[in-house]
Amino acid sequence: ALPGHLLRGLLPLLSVFHLERAEDAARRAGVSTQPIWRKLWDDVMKTRPPNSESITCWRKKFLETFFSNVLHGVLDVSSDWRLNDRHFSPLLHSSPHVSQLTLCNMLQGAVELTAEHNHKVLENLAGSLRILKFQHLLSCDQSIRRSLVLLLHRLIHHGSVSQVSMCSWPVPDTVLLVLILSMSAGFWRSGNALACHGSPCGLCREEDKAQSQESAPEGAERGCSAEREGSGGENQKGSPEEAEARMNSVLPGPRSPPLRNPACEETSSEVLCDHTSIQGGSLPHCSSEQLSCHPVPRKTRRRLKPAVGRKRRCLRRSRGHYADPEDLYDFVFTVAREDNSELLDKTRTTEGENTENWTSSSPGSPCTGHAGCKKRGGPAGIFSLKAAHRFRSVSTLELFSIPLTGETCRALSNLLSSWVSLENLVLSYNGLHANISCILSGLRTLSRHPECRFRVLRVSDMFSHMPCMELVCCVLSALPQLHTLSVSFDLKNHLEGSRPEENPSCSKAEMPESCLEVLEIRFPREPLHTAFLLPVLKASKSLQQLSLDSATLPCPQELGLLLEVLKEYTPNLKKLSFHDVNLAEHQKEILLLLQDPRLQEITFSFCRLFESSTAEFLSEIINTVKRNSSLKSLKLPGNRLGNHRLVALADIFSEDSSSSLCQLDVSSNCIKPDGLLEFTKKLEGHIQQRGGQIPFTHLRLFQNWLDQDAETAQEALQRLKAMCSVVNDSWDSSQAFADYISVM
């Protein structure tokens with residue numbers, strides 16, 4: 001063990017391999033390695049990472065980014081002596097630090113990670129990886145998809161991935177998209193459908209062996225297609241009846257030719273299978289007399305309703321036959337070629353009732369295509385989940401800028417209907433339009449499951465097919481257990497009128513009491529009618545945060561009515577935000593909000609507060625905040641404060657103030673270096689008068705004109721940082737102004 005001062009001098013001379021090994025010794029000696037990892041980042045990556053001020057561990061940040069760059073071939077380890085060590089295996093030694101990984105383009109990373117020589121790397125990722133992202137994907141061949149299936153199975157079903165995100169896929173490959181979605185939901189064909197390095201998945205085989213040993217006395221009573229349970233807290237559980245219902249649900253998909261693989265089809269005489277444990281690579285199998293090895297003509301294919309007391313069907317292959325790697329779908333689901341009409345008839349018969357409107361769909365029933373998500377006429381490929389086992393699934397799904405067709409929405413809806421581990425769903429710029437009803441149908445069914453954990457829904461898109469408040473009411477009527485709801489639209493449908501008409505299915509009388517804590521609405525320049533917001537707020541007694549963006553106020557009284565409603569029905573409200581809402585003529589309401597003792601954070605972002613105000617209004621704001629001891633954060637970006645108003649705001653912290661304000665955001669407010677320096681000097685004076693104690697801790701200064709006098713700005717920032725944490729950027733105000741003029 002070296003003394004601390006010697007170790008501190010030695011560490012910068014070590015390669016990454018030896019620096020990693022010295023980490024524990026440095027910690028015991030009280031020597032931080034963070035500066036060394038930060039310098040490594042600067043020397044090797046040569047870029048400034050986003051949100052660098054929030055990075056708490058540069059070691060993890062470097063090794064995680066290093067892993068990704070090496071995997072995608074954008075970093076040459078021979079370029080720096082600290083990386084070029086014969087003991088150092090780049091992927092192997094950095095993989096334990098990777099919690100987030102992005103796969104791009106042709107999924108070359110998936111192929112590399114599933115290669116035999118990277119087996120240990122994949123094992124490390126299975127324990128460390130939490131977020132798996134797909135970006136800019138392209139269509140790929142079957143061998144690459146096979147690698148992807150293996151990767152997803154290991155990282156999700158037998159790993160620790162809790163979030164799957166896909167983004168920027170303008171023309172998605174439906175096959176690939178449905179594959180990723182279904183495996184994220186925990187669905188997968190039985191363990192023999194994929195060979196892992198030449199043999200069935202070892203983890204699946206061990207689980208099957210343990211399960212068969214535990215259930216040996218009752219093997220005759222249990223079907224060999226019983227639902228698998230994943231590991232950890234995200235398993236899909238339920239009674240045998242619920243499992244049967246989930247496995248009988250269907251997933252619409254693209255048209256697919258009949259599979260030519262032996263014995264993986266459902267026939268007109270569905271057969272039973274002997275339960276055989278998997279040992280030593282042997283697989284459960286059916287007798288050759290029971291299972292046909294050839295596709296059955298479509299006209300003879302039909303589904304039979306399961307009789308009470310029958311054993312559950314087994315659709316596994318005969319012993320020794322693996323799935324054809326050229327049939328991607330066979331890795332996931334058996335293809336049941338049925339007409340939509342047959343599917344609808346089966347659904348009605350199984351559920352014992354007619355299909356209802358999406359706002360009141362029956363529990364357990366898959367989306368059947370109504371309310372804008374049905375394409376009539378012609379057969380469609382249907383994937384039976386009956387043949388799929390249920391594994392561990394993720395808790396967060398995010399889809400950004402991926403167009404979802406009606407067919408894909410139906411597939412997603414049916415997966416959502418039993419995805420009980422799902423907690424967060426983000427759908428952003430997917431061109432849903434009326435297909436949002438199909439998604440909500442699946443979520444409504446999910447919400448009725450006793451083990452449902454779904455709490456956060458975020459939907460954003462270019463166009464809204466219905467008024468925002470009507471959609472919010474419908475969502476909360478269908479999903480009263482939501483804790484966070486965010487609805488955001490850029491533009492209003494050109495066919496829609498300016499004033500919303502109330503939907504009978506989402507009337508005030510039907511609004512159940514909700515668990516909503518956070519509500520964010522971005523209006524497509526719609527009028528904010530308090531009457532339509534009223535039933536939502538009445539039903540949301542637990543609301544703590546409300547954000548209203550880009551709304552227009554149809555009359556001066558609307559904002560006052562909103563404040564009255566908030567005061568009466570939301571006693572727990574702590575954060576209130578207005579963005580791009582013209583509040584120039586609402587000075588009285590602004591002052592009422594600033595003195596509200598419930599609110600801890602208030603945001604007026606680009607609200608034109610001082611457009612038609614007098615100097616007295618600013619003084620009233622300052623005096624109101626000085627008397628409010630509950631307000632912790634005040635955000636005023638984009639309100640044209642200028643130098644003189646910024647300097648005046650320093651009086652919030654004067655000697656006679658009882659304010660508890662900790663955070664102040666004055667970004668995008670035309671502040672110049674001399675004004676910032678004057679504000680700093682005035683703030684220093686107030687601190688001195690109060691004996692060096694003020695609650696102020698954070699100041700945000702993004703996109704101000706501080707580049708006009710770099711020396712003065714630097715002096716002001718250095719003095720400010722001695723009093724509080726300052727967050728700013730190197731913004732080119734002249735270029736920004738030129739850009740603004742160019743688009744005028």
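**Labels and their grounds**

Modeller: Among the elements covering the buried residues of helix 20 are helix 19 (557-569), strand 17 (575-579), strand 18 (601-605), helix 21 (615-627) and strand 19 (633-635). The model is predicted, with local features needing pLDDT of at least 70 and side-chain atom pairs pLDDT 80 or more, while totals for chains, interfaces and linings use all residues. Residues are numbered from 1 along each chain as its sequence is written, and side-chain values use heavy atoms, leaving out hydrogens and water.

Biologist: Which residues of helix 20 (residues 587-594) are called buried?

Modeller: They are Glu-589, Ile-590, Leu-591, Leu-593 and Leu-594. Buried means under 20% relative accessible area, exposed over 50%, and partly exposed in between (1.4 Å probe, protein chains only).

Biologist: What makes Asp-549 and Arg-522 a salt bridge?

Modeller: The term requires a side-chain nitrogen of Lys or Arg within 4 Å of a carboxyl oxygen of Asp or Glu. For Asp-549 and Arg-522 the closest N and O atoms are 3.8 Å apart, so the pair qualifies.

Biologist: Why is Asp-549 called buried, and why does Arg-522 count as partly exposed?

Modeller: Asp-549 has a relative accessible area of 13%, so it is buried. Arg-522, at 27%, is therefore partly exposed.

Biologist: How many salt bridges does this rule give?

Modeller: The count comes to 22. Lys-39, Asp-43, Asp-80 and Arg-82 are linked in a network of salt bridges.

Key
Helices (H or I, at least four residues) and strands (E, at least two) are DSSP runs, numbered from the N terminus. Contact means heavy atoms within 4.5 Å.
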